[in-house]
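The following note sets out some points on the ligand surroundings and on one helix pair. Please read them alongside the sequence and the model.

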Amino acid sequence: MIPHVLPTYNRADLAFEKGEGVWAITADGTRYLDLGAGIAVNVLGHANPDLVAALTDQAQKIWHVSNLYHIPGQEKLADLLVANTFADTVFFTNSGTEAAELAIKMVRKYWDSEGQPERIEILTFEGAFHGRSTGAIAASGSEKMTKGFGPLLPGFRSLPWGDMEALKAAISDKTAAIMLEPIQGEGGIRPLPDADLKLIRELCDQTGALLVLDEVQAGMGRTGKLFAHEWAGISPDIMMVAKGIGGGFPLGALLATEKAAKGMVAGTHGSTYGGNPLGAAVGTRVMEIVATPEFLAEVNRKAGLFRQKLEALVAAHPNTLEGVRGQGLMLGLKTKVAPADLVKAGYAEHILTVPAADNTLRLLPPLNITDDEIAEAVARLDKAAARLDG
Ligand SMILES: Cc1ncc(COP(=O)(O)O)c(C=O)c1O
């Protein structure tokens with residue numbers, strides 16, 4: 001008999017009743033050190049007092065009104081995002097997938113408003129992940145996600161990951177956009193070198209193609225900049241944000257320049273819940289905390305410490321581990337074993353991690369993890385790896 005919850009997930013045999021900072025706690029009080037943070041979501045840890053206060057304060061006032069009316073909290077959060085990024089305008093969603101859907105619609109509408117409605121081809125890279133909607137799976141192009149769901153939304157062309165020669169050969173003045181994650185998350189914590197991101201921006205400028213960056217996983221301080229593309233000194237035309245921006249409350253956003261957004265006039269897009277007062281209140285508090293030089297400097301300092309310890313861990317387990325990659329606190333351990341086996345060994349040591357493609361274990365801790373918690377995490381990973389060394 002089919003379970004009452006549609007069985008689309010491979011769930012671990014674990015359930016958590018509450019959380020405190022970096023700890024997720026089961027009903028019997030067992031504490032797990034959470035380096036997954038709900039897959040890069042809980043940027044300020046579990047039950048962060050500032051976020052609990054922001055949410056409960058708003059919950060006492062008004063929960064939901066719809067976008068039929070002005071939502072002052074939403075406007076405040078949009079102001080903060082615009083002040084801290086390349087963007088001129090923001091649309092709020094409930095998830096990363098919805099932001100990706102809007103990105104695709106915005107690209108098409110842009111070229112339609114430019115009098116080139118046939119200009120729909122979006123270039124992407126293998127290993128991409130933008131969500132599970134019909135548009136987002138078409139964008140990823142991966143058979144694992146698309147098999148059985150055809151016919152797919154047309155207009156995507158997937159190129160080998162990071163292959164700049166293939167990109168130069170594929171792009172033309174008929175290309176609508178290039179869409180990519182500056183650091184692939186699900187694809188295995190694969191950063192694109194800054195020089196490649198710069199080249200991509202140049203190719204977009206030369207051809208008129210829009211640059212769409214998916215910072216759903218890499219954004220909101222995770223790499224030590226508010227957004228990962230800032231490391232390369234470039235800016236996109238359109239950017240998807242989600243996960244960390246809500247700190248655990250379902251919230252996403254699509255940021256764009258005025259030029260890229262020019263086709264999106266009244267009536268062209270909408271969402272019942274997107275940017276509702278609860279989400280906007282939490283997102284605003286997250287931005288106020290994360291988008292400060294002091295907070296981001298700490299992320300970078302802790303990332304350096306964590307990375308150093310992980311390099312030593314890799315050296316100590318040459319049969320199980322191969323290397324460290326990533327940027328800031330978006331870290332990957334390249335494994336010689338199946339990453340899912342290391343995740344399981346971690347459960348036995350009461351530490352939570354997330355597998356990814358390309359034989360990679362993802363470490364995506366809350367950004368306010370302490371030095372002691374980093375040391376504890378590495379000690380537990382050491383024991384987990386030792387379980388597999390033989
Ligand atoms: C880079 C990226 N884009 C989009 C998504 C989809 O976001 P959501 O699951 O919130 O719809 C994810 C989720 O893992 C992601 O990592």
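1. For "binding site", an unreviewed UniProt entry lists Gly96, Thr97, Phe129, Asp214, Glu215, Val216, Gln217 and Thr272. These positions are spread over 177 residues of sequence and also in space, up to 24.9 Å between C-alpha atoms. UniProt positions follow the numbering used here, feature names are shortened, and annotations may be inferred rather than shown by experiment.

2. This is a predicted model, in which local features need pLDDT of at least 70, side-chain atom pairs count only at pLDDT 80 or more, and totals for chains, interfaces and linings use all residues. Residues are numbered from 1 along each chain as its sequence is written.

3. Around the ligand there are 15 residues, of which Ser95, Gly96, Thr97, Gly131 and Val216 come nearest (a residue is near if its C-beta atom, placed from the backbone, lies within 6 Å). Helix H4 (residues 96–113) gives the most to this shell, with three residues; Thr97 is found in H4. Helices are DSSP runs (H or I, at least four residues), numbered from the N terminus.

4. By class, the shell has five nonpolar, seven polar and three charged residues. Ala, Val, Leu, Ile, Met, Phe, Trp, Tyr, Cys and Pro count as nonpolar, Asp, Glu, Lys and Arg as charged, and the others, Gly among them, as polar.

5. The axes of helix H2 (residues 49–59) and helix H9 (residues 277–290) come within 9 Å and cross at roughly 150 degrees. Axes are lines fitted to C-alpha atoms over the stretch in contact, with angles from 0 to 180 degrees between N-to-C directions. H2 and H9 are therefore roughly antiparallel (angles over 145 degrees).

Definitions and conventions. Helix = DSSP H or I, 4+ residues; strand = E, 2+ residues; numbered from the N terminus. Parallel < 35°, antiparallel > 145°, perpendicular 65-115°, else oblique.
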